Amino acid sequence: MSKSASSNPGLFKSVLTNKCPHCRQGNLFIDPNPYHLGNTMKMPDNCPVCGQKYELQTGFYFGTGFVSYALTVLITGITFIIWWNTVGMSVHDNRVLWWLFSNALVLIALQPLIQRLSRSLWISFFVRYQPNKQ
């Protein structure tokens, strides 16, 4: 890997790995495992690397509900397409109900990841990358 690629991480990678949008190096969440449910959404007040404040104003993360909803609709659409192409859909049997049940299980299993990704996307909308301000 080249030095420029490691010193300048991309936005997509930093959002998926839950890194600070300002420096793209510090972790957004205290516990790296989203399935430790007691600590899923715990964040430090500031980035441990650059000092960027994570809660820009009171109630800043209320907007993540919109992002989470969009991600959930996207995942539902993907599971529908996969189900349609593999199992198929029919009004003459219960395949639609089985898809709904399966989709619900997938969404429940992915919920901690969706919540974290929503926060990471939301803060990246408002905080710009500045690599040299540490």
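P112 sits in helix α4. Helices here are DSSP runs of H or I with at least four residues, numbered from the N terminus. This is a predicted model, where local features need pLDDT of at least 70, side-chain atom pairs count only at pLDDT 80 or more, and totals for chains, interfaces and linings use all residues. Residues are numbered from 1 along each chain as its sequence is written, and side-chain values use heavy atoms, with hydrogens and water left out.

Is P112 buried or exposed? P112 is buried, because its relative accessible area is 7%. Buried means under 20% relative accessible area, exposed means over 50%, and partly exposed lies in between (1.4 Å probe, protein chains only). Apart from neighbours within four places in sequence, P112 is in contact with P34, Y35, L37 and T40. Contact means heavy atoms within 4.5 Å.

Shortly before P112, α4 has a kink of about 55° at Q111. The bend at a residue is the angle between two fitted axes, one for the seven residues ending there and one for the seven starting there.

## The rest of α4

The buried residues of α4 include W99, N103, L107 and W122.

S120 counts as buried because its relative accessibility is 2%. Leaving aside neighbours within four places in sequence, S120 touches S14, V15, N18 and L28.

## Helix α3

Helix α3 covers residues 64-86, 23 residues in total. From first C-alpha to last, α3 reaches 33 Å, close to the 33 Å expected at 1.5 Å a residue. That expected span is 1.5 Å times one less than the number of residues.

Which residues of α3 are buried? They are T64, V67, S68, L71, I75, T79 and W83. Helix α4 (95-126) is among the elements that cover them. Just after α3, G88 takes a positive phi of about 95°.

## The nonpolar core

A nonpolar core is a set of buried Ala, Val, Leu, Ile, Met, Phe, Trp, Tyr and Cys residues joined through side-chain atoms within 4.5 Å. The largest one has 18 residues. Those with the most contacts inside this core are C20, L28, M43, C47, Y54, Y61 and I123. Helix α4 gives the most, with four residues.

Take M43 as an example. Beyond its neighbours within four places in sequence, M43 is in contact with L28, F29, I30, Y54, Y61 and R119.

## Cysteines without a disulfide

How many disulfides are there? The count comes to zero. A disulfide is a pair of cysteine sulfur atoms within 2.5 Å. The sulfur of C20 has its closest cysteine sulfur in C50, 3.7 Å away, so the pair is too far apart for a bond. C50 is in no disulfide either; the nearest cysteine sulfur, that of C47, is 3.7 Å away.

Both C20 and C50 are buried: C20 has 0% relative accessibility, and C50 has 15%.

## One salt bridge

A search of the whole structure finds one salt bridge. A salt bridge is a side-chain nitrogen of Lys or Arg within 4 Å of a carboxyl oxygen of Asp or Glu. R95 forms a salt bridge with D93, and their closest N and O atoms are 2.8 Å apart.

R95 is partly exposed, at 28% relative accessible area. D93 is partly exposed too, at 34%. R95 and P112 are 17 residues apart in sequence and 27 Å apart in space, C-alpha to C-alpha.

Key. Helices (H or I, at least four residues) and strands (E, at least two) are DSSP runs, numbered from the N terminus.
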